[in-house]
Structure formats: C-alpha cells, structure tokens
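Q: Can you take me through some of the packing in this one? I'll ask as we go.
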Amino acid sequence: MKFNEMKYERPDYQETAGKMNALVDDLEKATNSDAFLKAFFALNDLRIHVQTMNILASVRHSINTTDPFYDAENDYWDETSPAYENIDTRMMKACLDAPFQEELKKEIPETFFQLAQCKQKVFDESIIPDIVEENKLASAYGKLKASAKIPFEGKIMNLAEIAAITEDVDRNRRKAASDAKMAFYAQHEDEFDKIYDAMVKVRTRMAKKLGFHDYVEMAYYRMNRLDYDRHMVADYRKQILTYVTPLATKIYEKQRERLGLDELKYYDLDIAYADGNPRPKGDKDQLVEYAVEMYHQMSKETGAFIDVMKDNELWDLESRENKEMGGFETEIPEYEVPFIFSNFNGTSGDVDVLTHEAGHAFQTYLATDIRIPDVCCPTMESAEIDSMSMEFFAYPWMHLFFQENAEKYKYNHLAHSITFLPYGVLVDHFQEEVYTHPDWTSQERKACWRRLEKMYTPFKKYAGCDVLERGCWWYQQGHIFQSPFYYIDYTLAQVCAQEFLIRKEKNDLTYWQDYLKLLRLGGTRSFTQLCKAANIQVPFEEGTIKNIMSKLSEKLDSFSI
C-alpha cells in the first residue's frame with residue numbers, strides 16, 4: 001500500500017486503554033506460560049496498532065508542520081503517549097514478575113526482558129506530566145527550526161536550502177550563506193536557550209523523582225544501553241581524542257592545501273575541493289532511479305527491498321516550506337514497511353540519504369518476522385551500524401550519482417567518516433557536562449561547548465562569527481534537544497562500519513553474509529553481542545580505534561584526487 005493511502009484514525013484512548021489494561025490484568029493473573037503468551041501477543045497486536053497510528057501522525061506532521069489536522073494530532077500524541085507508556089510499563093513489569101520467565105524466553109527474546117528492566121527504572125506515573133512537557137518542548141524546537149525564513153540573494157530560504165550554499169565554490173558567497181544561517185540562530189538565541197534550559201530542568205526533575213543521581217544515569221537506561229556504561233564511554237572518548245583528532249587535523253590540513261588557503265575558516269570546513277564538492281547529477285527522480293539500479297545490482301535482497309520502497313512511495317525526500325528539517329527512517333509496523341523522510345538540497349547529502357536511511361529501512365525490511373516492536377529493531381548504536389555500513393557498501397556505484405567525480409565523493413565521504421568522530425564524542429561529552437551541572441546558566445553551557453570544541457575539534461576557527469565564538473554551534477544539533485544522549489551511538493556505529501569497509505576492501509567474502517545476519521537479528525541481541533555475531537571488534541576494546549585509524553589513513557593516501 002502506498003504511504004498516502006495508509007489510513008490514519010486516532011484511537012479512542014478510553015476504549016483502547018481499557019482493552020490493553022484488561023490484557024495486562026490477564027498477564028498478571030496467568031498461572032502458566034501458555035495463558036501468559038496468549039495475552040501477551042494479543043496485547044502486542046494492540047500496541048502495534050497504536051504505534052502505527054502515532055507514527056503516521058508524526059510523519060505527516062513532519063512533512064507539513066502547518067497542516068492543522070496533523071498539527072492537532074501531534075499535540076494529541078504529545079499528551080497521550082505517556083499514558084500508553086504507562087500501560088507498557090505495567091506489561092513489562094508483569095513479564096519480569098512472571099515465575100515462568102524461562103519458559104517465556106523460548107518465545108520472547110532475552111533482550112526484551114533487558115529492555116523491560118530499563119523501562120522499569122526510567123518510568124513511573126509520577127513523571128507523566130514531565131514527559132508531556134518534554135514532548136512539547138521537543139515539538140517547539142522542531143517548529144522553531146522549521147519556521148526559518150532566511151533572506152538571501154533576494155530569496156527566502158529554509159535551513160536546508162541555505163545549507164546547500166555553504167558549500168559554494170565562491171568563498172565570499174559561502175561565507176555570506178554561513179553567516180545568514182547563523183544569523184537565524186543568533187536572532188532566536190534566547191528562544192533556543194529557554195527551550196533547552198527547560199529541557200535540562202524537566203529531565204533532571206524526572207531523574208531525581210526516580211531516584212537517580214543525575215539525568216546522565218537515567219539517560220543510559222532510557223537509551224537502553226544494555227552492556228556498557230558511562231565509564232566505558234569516557235575511556236572510548238579518550239581513544240578518539242588520542243587517535244582520531246590528530247588524523248582529523250591532518251585531513252583538514254590537506255583540505256586547506258587543496259583549497260590554496262592560508263587558513264581554514266568556519267565557512268571553509270564544508271568544501272573539500274577548489275572546484276566544489278561533488279554534487280549528484282540529476283534531480284530527485286533520477287537519483288531514485290540510480291538507487292534502484294544500484295540496489296538491484298548489489299544483491300537480490302536489496303533489489304527486492306528497493307522495489308517495495310519505490311512502488312509504495314515509502315519516502316518523502318524533497319525540501320519544502322514548513323517541512324521539518326533533517327532526515328530519518330521509521331517503521332510502520334502494522335503495514336510491515338519502513339518509511340524514509342529527508343530534505344534533498346542538491347548536495348552529496350542527498351545520496352547519503354539514499355544509502356544511510358536506506359540501510360535502516362533495509363534492516364526493517366529484513367526483520368519483519370520479528371513482531372514484537374520493542375526488539376524488531378536493534379538499540380540505537382547497533383541500528384546505526386546498519387545504515388553507516390550501507391553507505392560504504394554503495395561505493396562501487398557512486399559513478400551513477402557523481403559520474404566523473406565519484407572518486408572525489410568517496411574520498412570525501414571516507415574522510416568525513418573520520419573527522420565526524422571527534423565531533424560525535426564532543427556532543428556526548430557536552431551533554432554529560434550539562435546534565436552533571438544542571439544549574440548552569442545558558443552562558444556557562446555555551447562556554448563549555450566552546451571549550452570542548454577546542455579540545456576535540458581544534459581545526460574549527462570561528463573568528464568573525466560572534467554567535468559561533470559564543471559557543472552556539474550546538475543549536476543546530478537536533479539530537480541534543482530532542483533525543484538527549486543519542487549521539488555517541490553514531491560514533492560507535494561508524495567505527496563498526498569502518499571495520500566492515502576494511503573487510504570489504506580486503507576481499508573478505510564473508511562480510512556481506514555477516515551484514516545480513518546482523519540486520520536479521522534486529523534487536524534480539526545487545527550491542528556487543530551483535531558486534532560479535534557479525535565478526536567485528538567491539539569499539540570499547542583497547543587498540544580497536546588505533547588499528548582502524550591506521551588502516552583508514554593508508555586508504556585515504558591511496559586515493560588519486
């Protein structure tokens with residue numbers, strides 16, 4: 001079924017919650033595993049329906065934030081989702097309390113019970129008003145960015161459109177575009193600060209109510225980090241600082257030489273070549289056709305997958321007025337299909353969407369037989385392995401999208417996968433500092449950001465842009481506002497994906513089957529277990545980062561660009 005034909009109907013909360021709570025009652029009263037599983041899977045079907053309606057409303061609201069119907073539905077789900085979450089918490093407690101749990105694990109994966117334990121720690125009816133407030137603040141942030149109307153060269157642009165010009169070959173023009181973009185953030189600095197300050201306070205309040213020392217502790221359970229902790233992450237950040245920041249600095253120095261500049265300024269970082277960054281050749285429809293050709297040649301599995309996506313119009317790819325920024329993939333569980341949301345702007349990022357988000361979607365497609373929504377997809381860091389690896393696997397087909405500039409694209413993509421890592425751990429470190437100092441002023445937060453930027457990303461030079469010098473770059477990073485602590489995940493996954501690339505480059509013929517195995521396992525195993533199942537090193541292990549960076553440095557040196 002095409003996405004626009006999928007029927008949305010707001011569930012009657014009283015009726016639906018009544019049915020769900022009755023089934024939870026059955027779980028709590030069950031005297032054997034058969035009775036329990038019957039109620040569990042009946043409840044599972046209801047949860048899938050509610051989740052599907054929520055996702056349909058959310059995606060359609062993201063497509064047009066001014067649509068009055070879906071704007072109202074989005075507000076409704078902001079209010080109602082925590083109440084459904086309360087039912088989920090009851091259900092999970094019943095699973096954890098069941099005396100025949102070992103029998104249940106024959107039908108319900110072990111990770112479900114681990115996730116249930118996390119849920120018990122981070123949810124209680126007492127924090128429902130706080131979650132409602134958090135949801136509303138996240139929506140306010142999204143609306144604020146979507147409202148951007150940036151005057152530039154006689155036109156009015158949104159953030160995605162102006163971002164494309166920040167890669168212009170004309171240095172004066174890209175500086176003007178960068179400054180125009182940052183002027184939007186400067187004009188709304190108080191609003192961004194107030195939204196984030198309220199977010200920090202409400203999240204800290206939730207953590208205290210639930211007995212946590214700080215929100216960092218709560219966030220690790222909220223992010224379902226099943227087999228690693230903040231101390232392991234802190235050690236991992238040190239590895240990135242030691243082995244990746246120097247390599248990233250070297251990459252930017254080579255970029256400076258290619259551009260023939262005395263110094264790379266903040267508005268030069270996003271342009272890799274003097275004649276411009278590689279841009280895809282073709283409009284949205286042509287890029288989709290190239291993607292179809294690529295996935296048909298890549299494997300029979302990816303060929304069948306891309307046909308489902310195209311035939312059912314399971315994406316919205318082009319940037320438009322009043323459309324939310326960014327890109328994502330989500331699952332529509334009742335229809336057993338994924339959906340991709342993006343904002344094409346004519347840059348190489350458009351191709352990255354057709355590989356990155358398609359990697360997520362491919363995982364959803366391969367794991368539809370896992371019908372428990374909590375474990376059909378892996379936890380966040382594991383899910384990003386699926387997408388980032390697909391970006392690398394697409395290298396042999398980049399000539400379709402970039403023609404004569406395919407090698408330049410691949411070099412730049414690989415280089416960015418390295419230079420991203422220090423930024424990614426910076427985002428994580430910043431959030432840890434913020435939530436361990438929840439009483440900081442907005443100015444203290446911004447000073448912290450700038451201090452950490454200079455440590456992890458010393459190649460960023462902001463002279464001449466006051467808003468960046470003040471430490472406001474992070475306003476652009478939606479995860480910090482809307483998905484707290486969801487960012488170190490990207491770096492962990494990037495390292496795993498780089499391992500897959502190294503295996504592929506060595507003609508290790510088992511890499512593809514390991515990748516398919518990883519996707520089909522979904523969320524039925526934890527992060528480190530999935531790494532081991534796919535025969536890739538766990539990033540936390542000493543020496544992993546050093547070894548990978550050594551091999552990738554050699555790979556970069558082999559390019560003729």
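Q: Is Phe41 buried, exposed or partly exposed?
A: Phe41 has 29% relative accessibility, so Phe41 counts as partly exposed. Buried means under 20% relative accessible area, exposed means over 50%, and partly exposed is in between, with a 1.4 Å probe and protein chains only.

Q: What kind of model is this?
A: This is a predicted model: local features need pLDDT of at least 70, side-chain atom pairs count only at pLDDT 80 or more, and totals for chains, interfaces and linings use all residues. Residues are numbered from 1 along each chain as its sequence is written, and side-chain values use heavy atoms, with hydrogens and water left out.

Q: And Phe40, buried or exposed?
A: Phe40 counts as buried because its relative accessibility is 2%.

Q: How many aromatic pairs does a search of the whole structure find?
A: The search finds 59 aromatic pairs. Rings of Phe, Tyr and Trp (its six-membered ring) pair if their centres lie within 6.5 Å; planes under 30 degrees apart count as stacked, over 60 as edge-to-face and the rest as tilted.

Q: How are the rings of Phe40 and Phe41 placed?
A: Their centres are 5.1 Å apart and their planes are at 90°, so the pair is edge-to-face.

Q: What about Phe40 and Phe112?
A: Phe40 and Phe112 also form an aromatic pair, edge-to-face, with 5.5 Å centre to centre and 85° between the planes. Phe40 is in helix H2 and Phe112 in helix H5 (residues 110-122), so this pair ties together parts that are 72 residues apart in sequence. Helices here are DSSP runs (H or I, at least four residues), numbered from the N terminus.

Q: Switching to helices. How do H1 and H3 cross?
A: The axes of H1 (residues 13-29) and H3 (residues 68-97) come within 8 Å and cross at roughly 10°. The axes are lines fitted to C-alpha atoms over the stretch in contact, with angles from 0 to 180 degrees between N-to-C directions. H1 and H3 are therefore roughly parallel to each other, a label for angles under 35 degrees.

Q: Which residues meet there?
A: Among them are Tyr13, Met20 and Val24 in H1, and Tyr76, Ile87 and Met91 in H3.

Q: Where does Ile63 lie, and what does Ile63 touch?
A: Ile63 lies in helix H2 (residues 33-63). Leaving out residues up to four places away in sequence, Ile63 touches Phe3, Asp316, Arg320, Asn322, Lys323, Phe339 and Phe341, where contact means heavy atoms within 4.5 Å. Ile63 counts as buried because its relative accessibility is 17%.

Note on methods
Helix = DSSP H or I, 4+ residues; strand = E, 2+ residues; numbered from the N terminus. Parallel < 35°, antiparallel > 145°, perpendicular 65-115°, else oblique.
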